[in-house]
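This report covers one protein model, with attention to its sheet, its charged pairs and its aromatic contacts. The sequence and coordinates come first.

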Amino acid sequence: MTAPRPTPAPGPDSAREPDPVRDPWRDPMRLALAEAVRAPETGDVPVGAVVLAADGTVLGRGRNEREATGDPTAHAEVLALRAAARTTGEWRLAGCTLVVTLEPCTMCAGASVLARVDRVVYGAVDEKAGAVGSLWDVVRDRRLNHRPEVIHGVLADECAGLLTDFFRTLARKP
């Protein structure tokens, strides 16, 4: 099953369809995918995230760990943002990019706004809980004091495929 190609989310920023050949976000998304594939080892949904400095250096990594830790806030994005803040010694992650395999939920979209990241890059659209243009659009809410740029659809089929395979396997278990 192939995920539908996302349409650009509404908003004033530069959300756009990625160039499948020259997209600079493909390699960072592969790093996030590498995190995502490890999540099912602990029974967690395969979502992975990385936070990059302006020069492309990885400052933080995360994968879903809710099942592993019993922590409802242990989403890949939150863990990657926490790791990046530890690395930099700052909670303000200005100049940074959050790269995540699945469109962030309201909590994670809010965390990216509060962390002041410059950009949120995601792969698969989350039509049930996405808060970066699908169901809600937290990151572009003009009432908030910070609005990161959004780039979506990077390696969307690979990101969606991981999730589809995970949930199919889960459905087959007795």
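## Charged pairs and the sheet

E158 is partly exposed, with 39% relative accessible area; the term covers values between buried (under 20%) and exposed (over 50%), for a 1.4 Å probe and protein chains only. The model is predicted: local features need pLDDT of at least 70 and side-chain atom pairs pLDDT 80 or more, while totals for chains, interfaces and linings use all residues. Residues are numbered from 1 along each chain as its sequence is written, and side-chain values use heavy atoms, without hydrogens and water.

The count of salt bridges is five, each being a side-chain nitrogen of Lys or Arg within 4 Å of a carboxyl oxygen of Asp or Glu. Three of these are among the entries below.

| Pair | N to O distance |
|---|---|
| R30 and E158 | 3.1 Å |
| R63 and E35 | 3.1 Å |
| E149 and R119 | 2.9 Å |

The pair R30 and E158 links helix 1 to helix 5 (residues 156-172), 128 residues apart. Helices (H or I, at least four residues) and strands (E, at least two) are DSSP runs, numbered from the N terminus. R30 is partly exposed at 36%. E149 in strand 5 and R119 in strand 4 are 30 residues apart, and E149 is partly exposed at 21%.

The strands form an open sheet of five, in the order 2-1-3-4-5 and with mixed pairing; two strands pair if DSSP finds at least two bridges between them. Strand 2 (58-63) and strand 5 (149-152) are at the edges with a single partner strand each, so one side of each has no neighbour in the sheet. Strand 1 (residues 48-52) and strand 3 (residues 97-102) run antiparallel, joined by four bridges.

F166 and F167 are edge-to-face, at 5.1 Å centre to centre and 80° between the planes. F166 is buried at 12%, whereas F167 is partly exposed at 43%.

Methods: Phe/Tyr/Trp six-rings, centres within 6.5 Å; stacked < 30°, edge-to-face > 60°.
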